[in-house]
Amino acid sequence: MSWQAYVDTSLVASGNIDKAAIFNSEGSSVWASSSGFTIKPEEIKAVVTSFDDKSAVKKVQSEGFHIANEKFFTLKSDERSLYGKKGKEGVAIVKTLQAILVAHYPESVQAGVAANTVEQLADYLISVGY
């Protein structure tokens, strides 16, 4: 399956995600993206940095983060996942061995349902070496 197919079929077609992107694990290359879902280099760099931040209170936890020019408040941040919320909508970002999945969910979807969709795809990609 192509990277674009993972965005279109595994994430957006689930009905739990309305737009998504897949980057390499360094955040330096976009492998696939929903039309119009543009994430700036500095936005994905902040995400990558958050995965490696071992501080008691990470910068992303105290300041939030931006995705596609929208500011999100951090709900969860660890070495694998970063979840953010803006009003009733949000993002679930998950790192695999070789990729970073960035998924936006609309206000009609519960945060846990959206996160589960992204985490399941991440688990699958890790199981096949990605």
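Which residue in E5 stands opposite Phe 73? Lys 85 stands there. Before going on, note that this is a predicted model, in which local features need pLDDT of at least 70, side-chain atom pairs count only at pLDDT 80 or more, and totals for chains, interfaces and linings use all residues. Residues are numbered from 1 along each chain as its sequence is written, and side-chain values use heavy atoms, with hydrogens and water left out.

Some terms come next. Helices (H or I, at least four residues) and strands (E, at least two) are DSSP runs, numbered from the N terminus. Two strands pair if DSSP finds at least two bridges between them.

Now the sheet. It is open and has 7 strands, in the order E2-E1-E7-E6-E5-E4-E3, with antiparallel pairing. E2 and strand E3 (65–67) stand at the edges. Each has a single partner strand, so one side of each is left without a neighbour in the sheet. Neighbouring strands are turned by 25° against each other on average, direction ignored. Axes here are lines fitted to C-alpha atoms, for helices over the stretch in contact, and angles run from 0 to 180 degrees between N-to-C directions.

Follow the pairings from E4 onward. Strand E4 (residues 70–77) and strand E5 (residues 81–86) run antiparallel, joined by 4 bridges. They form a hairpin with 3 residues between them. E5 then pairs with E6 in the antiparallel sense over 6 bridges. Gly 84 stands opposite Val 91 in E6. The hairpin of E5 and E6 has 2 residues between the strands, and Gly 87 takes a positive phi near 65° in this hairpin.

Strand E6 (residues 89–95) is joined to E7 by 6 bridges, and the two run antiparallel. Lys 95 stands opposite Ile 100 in E7. A hairpin through 3 residues links E6 to E7. On the E1 side, strand E1 (residues 19–24) pairs with E7 in the antiparallel sense over 6 bridges. Ala 21 stands opposite Val 102 in E7. Phe 23 has Ile 100 as its bridge partner in E7. Helix H4 (residues 111–127) packs on the sheet, touching E5, E6 and E7. The direction of H4 makes about 160° with that of E7.

How many residues of strand E7 (residues 99–105) are buried? The count is 7 of the 7, so E7 is largely enclosed by the rest of the structure. Buried means under 20% relative accessible area, exposed over 50%, and partly exposed in between (1.4 Å probe, protein chains only). Ala 99, Leu 101, Ala 103 and Tyr 105 point one way from E7. Ile 100, Val 102 and His 104 point the other way, and all are buried.

Turn to the rings. A pair of aromatic rings is described by the distance of the centres and the angle of the planes. Rings of Phe, Tyr and Trp (its six-membered ring) pair if their centres lie within 6.5 Å; planes under 30 degrees apart count as stacked, over 60 as edge-to-face and the rest as tilted. The structure holds 5 aromatic pairs. One of them is Trp 3 with Tyr 6, tilted, at 5.6 Å centre to centre and 50° between the planes. Both residues lie in helix H1 (residues 3–11), 3 residues apart, about one turn of the helix. Tyr 6 counts as buried because its relative accessibility is 9%. Trp 3 also pairs with Trp 31, tilted, at 4.6 Å centre to centre and 40° between the planes. Trp 3 lies in helix H1 and Trp 31 in strand E2 (residues 30–33), so this pair ties together parts that are 28 residues apart in sequence. Trp 31 is partly exposed, with a relative accessible area of 30%. Trp 3, Tyr 6, Trp 31, Tyr 124 and Tyr 130 form one aromatic cluster.

Finally, consider Val 60. Val 60 is found in helix H3. Its relative accessibility is 8%, so Val 60 counts as buried. Leaving aside neighbours within four places in sequence, Val 60 is in contact (heavy atoms within 4.5 Å) with Ser 50, Phe 65, Thr 74, Ser 77 and Leu 82.
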